[in-house]
Amino acid sequence: SATNEADLLVLAMTANTGKPLSQWESGVAYLKLRNFGWADEKIAERMGITVGMVYDMVLLKRKVSARQR
């Protein structure tokens, strides 16, 4: 189910002990969580960041993706 996939994504991101994710990679993950129906407030709470950071990372991901087209 989407909830399980979303929870697994959050777990993978928060348990990451290797190289930190780039802002773009974080934006990709936050956008996926949005697509699972999560509000920015829920993403921020689960990730331990601000709502503004979620918004900014998604915006960055979209801008980079648009430039690559």
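Asp40 counts as buried, at 14% relative accessibility (buried means under 20% relative accessible area, with a 1.4 Å probe and protein chains only). This is a predicted model, in which local features need pLDDT of at least 70, side-chain atom pairs count only at pLDDT 80 or more, and totals for chains, interfaces and linings use all residues. Residues are numbered from 1 along each chain as its sequence is written, and side-chain values use heavy atoms, without hydrogens and water.

Asp40 lies in helix α3, residues 40-47. Helices are DSSP runs (H or I, at least four residues), numbered from the N terminus. Beyond its neighbours within four places in sequence, Asp40 contacts Arg34, Val51, Val54 and Tyr55 (contact means heavy atoms within 4.5 Å).

Two packed helices are described by the angle between their axes and the distance between the axes. Axes are lines fitted to C-alpha atoms over the stretch in contact, and angles run from 0 to 180 degrees between N-to-C directions.

| Item | α1 with α2 |
|---|---|
| Angle | about 160° |
| Axis distance | 10 Å |

α1 and α2 are therefore roughly antiparallel (angles over 145 degrees). Ala6, Leu9, Val10 and Met13 of α1 meet Ser26, Ala29, Tyr30, Lys32 and Leu33 of α2. These contact residues divide into 7 nonpolar, 1 polar and 1 charged. Here Ala, Val, Leu, Ile, Met, Phe, Trp, Tyr, Cys and Pro count as nonpolar, Asp, Glu, Lys and Arg as charged, and the others, Gly among them, as polar.

Which residues does Leu33 touch, not counting those up to four places away in sequence? Leu33 touches Ala6, Leu9, Val10, Trp38 and Ile43.

Terms used:
Helix = DSSP H or I, 4+ residues; strand = E, 2+ residues; numbered from the N terminus. Buried < 20%, exposed > 50% of the residue type's maximum accessible area, 1.4 Å probe, protein only. Parallel < 35°, antiparallel > 145°, perpendicular 65-115°, else oblique.
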